[in-house]
Amino acid sequence: MRNQQKNLLKEWFSQTEGYVEFRLIGAKGLKDQRFIAVEDLTDTLLVDLIEKGKQEQLNVYHSVTTRKTMSGKEEDVFHVPGLWLDIDPKHATYEEAMQVVKSLPTPPTATVSSGNGIHAYFKFNEPFEVVDDHSFKFIKELSLKLHTFAKADNTADLARLLRVPNSMNVKNLMDVKLCSLVEFTGATYSLDSFTYLDDVEIKTVSKTLETIEIEELSPVEIDALQVPFSIKSLIVNGPEEGEDRSKKIFHVVIELLKAQHTPEEIAFVLLNGEWAIGEKISDRHHAAKLQYIERVIINASQVLNEEQDNLEVEQLLNKIDTNECLVYEYNNCYYEKQRRLSNFIFVPEERVHANIDEYLKGHIVLNNGEILKNIVLTAKAFSSKKGFIEEINSTKISWLGDEKHLQYLKELFMTKQVVDKYAVSKIGLHNNLFITPNKVIDSEGIVENSKYIYMPKLTEGQMDLELSMDILSSDYWKDLAKEVLPLLAQVNEEGVINTIIGWHFVTPIVPILRKYTDNAFPQLMIWGTQSAGKTSTAQLFGKLFGNPEVRSCTRPSFSITREVDLLNGVPLYLDEFRPYNMSASNWKGLKNLALNAYKAALDSRGNKNQGTVTYRLTAPIVWLGETSFEESNMLERLIIAQLTPNTLCQNDGYKKAYKKISALKMSGFMPGYVQWLLNKIESEDILLGTLYEHYKEMVDCKYDLHERPLANLAMVLVGVHLFNELANELQIDCTIDQHVVIEEQVKHFRDNKIHNALQNLFKHTAAIVQSNNYDFKKGTHYEYNASQNKLTIAREMWLPAVRKYMKEHDYVDERFSDKQIENLLKENKSQSGFVLHTSDPRTMGGKSTRSYVIDTQRLEEELDIQKEVWEVRLHF
């Protein structure tokens with residue numbers, strides 16, 4: 001994509017706000033529809049859309065205006081960047097079209113060859129904002145006048161889509177053409193520049209009737225109707241035998257609308273028993289008659305509003321779909337004429353927009369008056385009787401209609417006035433709102449009637465995480481926070497607990513922080529031996545930060561992926577981290593997930609419909625285990641909290657603090673804290689980007705760390721800052737020391753380089769010893785003297801056995817040479833470490849061999865490899 005072509009849409013939508021609509025359309029219709037916020041309109045996104053169109057033979061279109069919401073309707077247009085023209089060969093040749101636009105008093109800002117004709121863009125100095133009916137009428141009339149003046153295609157509607165430059169025109173697959181930018185002048189115009197259009201005559205513009213409700217009829221005499229005599233005759237006498245009665249009704253309604261008659265007057269005309277025009281609908285219940293008339297009026301209004309040429313009425317009628325909706329409601333049942341189709345009605349309350357999908361949420365009223373709440377119907381529900389009944393999922397309902405009636409029912413639902421909502425499939429921060437399954441929080445508290453709601457990405461698989469967030473009054477929350485903060489800082493050793501606090505206190509606003517960190521956020525690794533308090537610590541923080549569940553990471557990776565995609569500011573706690581107990585495939589999947597979650601990468605998975613579902617791995621993850629990740633590429637993505645054995649149970653102060661904080665209403669902390677954070681960010685009392693850069697620079701001046709560990713540490717220090725800021729505002733003396741956190745993490749990172757190579761070697765050796773699947777046997781290849789704490793290992797067999805194990809378990813990042821290991825072991829021996837001898841002659845299995853001799857007591861102290869693993873052979 002050339003530079004000018006890359007910049008056209010960015011230039012067109014500069015200074016605008018809202019959403020840009022994109023549609024990808026192929027031979028079988030709409031394939032994909034997206035609404036992209038203007039600020040997210042990147043070169044990469046445009047290239048991806050264009051490439052998708054090329055690979056899948058799709059036409060790629062963009063809206064010429066922005067939308068207030070994720071809607072393609074003209075009534076939702078927000079900013080109009082300028083005017084446009086679309087001239088096809090049926091109106092002019094390519095050369096003639098270019099001459100037309102160049103000769104205008106306002107030559108185009110940009111001209112695009114669409115593959116058959118041209119698109120011309122005329123950019124305003126600043127976007128025109130549609131704020132009311134008056135501004136809508138003004139800008140649409142201006143667009144109509146330009147199209148009329150230039151004798152262009154009828155593309156003046158404000159919801160218009162044009163081809164994306166550099167995409168392919170694949171309307172004719174035998175003659176695929178490139179849509180390309182021909183000229184870009186960059187010219188911009190004020191509204192006054194278009195005064196040459198003032199005298200251009202056009203049809204009056206009005207917004208289309210979207211919904212009407214006829215409550216009572218307005219009687220009118222036949223002579224008072226402002227329609228031609230032929231229409232009056234049609235009203236009184238009805239259609240001739242053999243004529244399409246539906247089209248004749250539409251004919252009458254169109255003429256009455258053109259004559260400015262009200263819906264109530266039109267309803268009277270069609271329901272007057274003395275006039276024959278309405279005989280077609282006379283056998284319906286009264287409510288069904290009104291519903292039918294309302295739909296006819298809306299359809300006729302839309303056709304009149306969209307048609308800009310002065311066509312005759314008969315031509316207008318040919319544009320109308322006269323298939324009427326035969327289903328109506330009566331006594332809490334659906335009917336077709338006199339035939340009952342159900343024992344219930346569905347009352348839609350919300351229309352939920354989820355990307356290109358739509359759902360209706362509402363309740364069911366049975367004919368006995370009973371109400372079934374929280375019913376969700378997807379588009380698939382109307383494709384078959386079976387699917388419809390399955391989605392309602394109740395033994396109390398019956399449906400006696402067929403697939404045709406379901407389509408009529410969907411039509412009926414389209415006439416209902418419902419609230420439009422927009423689905424968010426993640427729990428956490430979204431557009432400066434914190435979305436939970438049943439609440440939305442902003443800087444002022446609970447958002448009543450928010451347009452955003454939580455809805456699972458897969459409607460057939462509901463979320464099973466038991467999140468816990470209770471809303472407290474402002475005063476009650478402050479009282480709770482005053483108790484929580486000082487106790488939280490006392491439940492473990494300072495270096496450990498301050499690190500865990502810093503990480504957690506920044507997690508609710510991770511989506512905002514990622515904007516400053518190249519989308520990165522570290523995972524927290526809490527590890528230590530049994531009884532170190534890992535799970536207890538995680539449960540404590542989980543209750544405070546909205547997710548009290550601690551789940552196993554040994555589950556299938558698909559279920560973990562869904563949870564990592566679900567949460568976006570609420571921590572996910574994954575326990576039982578034991579790589580040596582996992583199969584090679586499970587371990588590989590878990591490592592990949594951990595690596596990808598660092599930058600919230602995308603992960604596509606197949607679904608039962610043979611399609612794919614794309615997940616974004618956004619959750620802040622806490623890993624819990626008796627060991628840590630050991631791979632260097634993962635260590636650079638972690639914050640480490642290593643717990644000392646028996647810390648909680650042996651320290652009375654820690655135990656008391658833990659007991660006191662556990663007795664508090666911890667589920668009330670997170671919502672109030674989120675509100676406090678959003679308020680601080682909105683008022684610019686806290687500048688996250690500035691804080692992050694400050695702490696990066698502060699640490700970088702003193703320590704020589706790689707970029708990732710430096711960034712990770714800076715993010716945690718932002719969390720420590722937030723904790724201290726809140727403590728100061730609450731006027732409680734419990735601020736925590738950031739330098740302790742720095743020293744703890746720097747130590748972990750530096751020690752890990754040598755520590756991990758040896759630790760990995762002995763952990764893999766321990767896993768081999770505990771397994772029956774390897775040809776590495778006690779008495780032949782190693783011996784253990786428990787009374788002397790001495791492990792003797794035959795040099796010849798040791799490293800080959802470990803390499804075989806590593807290869808089978810995909811430890812590709814831990815490769816080492818014999819020389820490297822020998823040097824590390826010799827260095828350990830020279831420093832009086834756990835290596836006693838590096839080439840001791842021994843006899844094992846009847847053979848003389850050179851051996852390493854290891855002090856397992858010191859090994860346990862230095863590398864946390866329990867000496868018991870060498871005594872007993874475990875079976876899995």
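**Exercise 1.** Determine how the axes of helices α21 and α23 are oriented to each other.

*Solution.* The model is predicted; local features need pLDDT of at least 70, side-chain atom pairs count only at pLDDT 80 or more, and totals for chains, interfaces and linings use all residues. Residues are numbered from 1 along each chain as its sequence is written, and side-chain values use heavy atoms, without hydrogens and water.

Step 1. Locate the helices (DSSP runs of H or I, at least four residues, numbered from the N terminus): α21 spans residues 669-682 and α23 residues 707-729.

Step 2. Take the axes, which are lines fitted to C-alpha atoms over the stretch in contact, with angles from 0 to 180 degrees between N-to-C directions. These axes come within 12 Å and cross at roughly 95°.

Step 3. Angles of 65 to 115 degrees count as roughly perpendicular; α21 and α23 are therefore roughly perpendicular to each other.

Step 4. Contact (heavy atoms within 4.5 Å) involves F669, Y673, W676, L677 and K680 of α21, together with L722, E725, L726 and E729 of α23.

**Exercise 2.** Describe the strands that pair with β19.

*Solution.* Step 1. Strands are DSSP runs of E, at least two residues, and two of them pair if DSSP finds at least two bridges between them.

Step 2. Strand β19 (residues 427-430) runs parallel to β26 (residues 567-568), joined by two bridges; I427 stands opposite L567.

Step 3. Three bridges join β19 to the antiparallel β20 (residues 433-435), where F434 is the bridge partner of L429.

Step 4. The hairpin of β19 and β20 has two residues between the strands, and N431 takes a positive phi near 50°.

Conventions:
Parallel < 35°, antiparallel > 145°, perpendicular 65-115°, else oblique.
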